[in-house]
Amino acid sequence: MKKILIILCLSACVVGTYAQRRGAAGATGTTGTTGAVGTRPGARPGGNADPYIKEHYVKTQAYIPMRDGVKLFCTIYSPKDQSQKYPIIMTRTPYNVGPYEETAYKGSLGQDTVLSREGFIFVYEDVRGRYMSEGEFVNVRPQIDTKPKVNSKAMDKSSSLSMQPSPQVKPAGTPPIDESTDTYDTIDWLINNVPNNNGRVGIEGISYPGFYSTASLPNAHPALKAVSPQAPVTEWFKGDDFHHKGVFFEMDAFAFLTSFGVPRPKPVTPDQIKNAIPHGYKDNYKFYLEMGALPNFKKKYLGDSVKFWDDMMNHPNYDSFWQGMNILPHLVNIKPAVLTVGGFFDAEDAYGAQAVYKAIEKQNPQSTKNMLVLGPWYHGGWERSADGQYFGDQDFGSNTSDYFQKNIQLPFFNYYLKDKGTMDLPEASIFISGSNQWHRFNEWPPKNTTEKSLYLQPNGKLSFTKPTANGGFDEYVSDPAAPVPYQDGIQQARTREYMLDDQRFASRRPDVKTYQTDVLTEDITLTGPVVANLFSSISTTDADYVVKLIDVFPDDYPNTNPKPYTKNPIMAGYQMMIRGEIFRGRFRNSFEYPEPFVPGKITNIKYDMPDVGHTFRKGHRIMIQVQSSWFPLGDRNPQKFVDINKAKDSDFQKSTIRIYHDATSPSSVKVTVLNN
């Protein structure tokens, strides 16, 4: 999820209606919109928009009524060319649909210039309770299982919409709503009110807008034909954004919610929001370590201003609060074609994209058109990077973003929205790093794979052979006063590069245990799940575990051509993280019902990690690292079985951690190997 709101300097606005439709004159660039948002004094008409957008599209704005009477604000960009009818591509967002001035246009339409040049009607909607839309905003609004059918004839489809605020107290009998119903009602209004549309709608969105894309799928409107959830927010306790496997990602949550989480008093434009909570730290490790226990955030910064923070702190386990926000069980009876997109190195929502695809695949018939794209990208990197060839210190050898935009995304929307081209996309389009090649698979994970376990061995060894000796273990002391950093160096904000960064700094710490194979004599390609399976004992009653899968480059690996955006580190011996994940040990048997450890008792900790797609090349090594903190990415565990969200600074204590690797307690990491 995007962690910093883009604050646009906009004037206060009075929103008008989609009052007059474009007539024949629309083809020459005239527009019939009246009463739309005023232009900021001194602003250059069109802002910093791509000139192509203003030359080829007409912008209008509308308030769209929902079934409960709340009105949602949207901006509509329609092609000036009237020689054909166009499908609609919509993005619903909590981040604002600005610019809100009538004459100011977005810098780009769709998620890339490929889509805007192809020609669609682009619609952007402020979701309920955000910016210029009415209603109450609810984070990852829970789905309702039973919805009355909307009487579309009773909804106001006219071009004259009331601008009066909706009642704050809804009358008895007001129909229940969720993001699916809001999407349905929006689509219903659009296809009946936007001129020159062909009756088909597609939806796309990255991160939080990705969640709203997913939410459009249950009970979808018949006109919705193609949906692309991209890096979708999906599960905020087990894998996305704010929690990973029950561990609170305090750095992301605090940075995000100190702006996004502060409520607005009424419908507003971004320039009117002045209530973000300042913090201004420069060294994130120092700041969060000195912050101490989680209740100190509320005492020192948040007060009562961020309700969702309070909600999270009041729900430390996977109870009905978190379960209700999980959209995955609702992804049944899916009718639109789905193209889910994710990045293997997405720091925010790597989990979400994979989970959405797998849920649809498992819970729907084979006839459901369900496709997946995974590439070597950071959060939204398939659209937001310069070319998708470089990320961090790695060169992936080609423009992966361009390939996705032209060869996957455009054909997907063209086929399902325009009947243009043929549908020859595979079920899974996967870019395998290491070998740096796109692969087309009929399913994900591919059938042609074998599950194998990499077993931890004595003396820091790692192999596919199960240990036979007894009594083997490694030991380290986990100290909450000196937690293991998630990345080398000093950073202010959480970086995105940590997902594939060099791990040599961690290998040198005594509280990180490192295991590696001999030099590989042939390539090994992993395509699919990674499962940590540890046997451990601790001296206290709780602990976290971090497991990393790492590609170790040869000691004579050359420094090739300088890479943009990096300091061009020494690549010889580089330890590239392919996958890392943290797990809160108390949840080893259930996320709902945590259990303390029995000090000194060998205990099995098993958890899944997001899938990988990577080739470990001949001459490289495979490495596993095990540690018990990942700071300040994840909050510190006091290593005492207390409610961590309510813990005191005095609760934090050292713990002696043992990782076993013998015949009876064979710690391992299970991987999915692609057969030749």
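Trainee: Where does K418 lie relative to F120?

Mentor: In this predicted model, K418 lies over the face of F120, at 4.4 Å from the ring centre. A second case of this kind is K452, which lies over the face of F464 at 5.6 Å from the ring centre.

Trainee: By what is a pair of aromatic rings described?

Mentor: A pair of aromatic rings is described by the distance of the centres and the angle of the planes. With rings paired if their centres lie within 6.5 Å, the count here comes to 61 aromatic pairs. One of them joins Y95 and F260, at 5.8 Å centre to centre and with 65° between the planes, and is edge-to-face. This pair links distant parts of the chain, since Y95 sits in the loop between β3 (86-93) and α2 (113-118), while F260 sits in the loop between α5 (250-257) and α6 (284-291), 165 residues apart.

Trainee: Are Y95 and F260 buried or exposed?

Mentor: Both Y95 and F260 are buried. F211 and Y212 form another edge-to-face pair, at 5.1 Å centre to centre and with 70° between the planes; F211 is buried, with a relative accessible area of 1%, and Y212 is buried with a relative accessible area of 1%.

Trainee: Which strands stand at the edges of the open sheet of four strands?

Mentor: The order is β18-β23-β20-β21, with antiparallel pairing. β18 (513-516) and β21 (575-584) stand at the edges, and because each has a single partner strand, one side of each is left without a neighbour in the sheet. The twist averages 15° from one strand to the next.

Trainee: How many bridges join β20 to β23?

Mentor: Seven bridges join β20 (residues 544-552) to β23 (residues 621-627), and these strands run antiparallel; V546, for instance, has Q627 in β23 as its bridge partner.

Technical notes. Residues numbered from 1 in each chain as written. Predicted model: local features only at pLDDT ≥ 70, side-chain atom pairs only at ≥ 80, totals over all residues. Heavy atoms only, no water. Phe/Tyr/Trp six-rings, centres within 6.5 Å; stacked < 30°, edge-to-face > 60°. Helix = DSSP H or I, 4+ residues; strand = E, 2+ residues; numbered from the N terminus. Buried < 20%, exposed > 50% of the residue type's maximum accessible area, 1.4 Å probe, protein only. Lys NZ or Arg CZ within 6 Å of the ring centre and 35° of its normal. Pairing = 2+ DSSP bridges. Axes fitted to C-alpha atoms, helices over the stretch in contact; angles between N-to-C directions.
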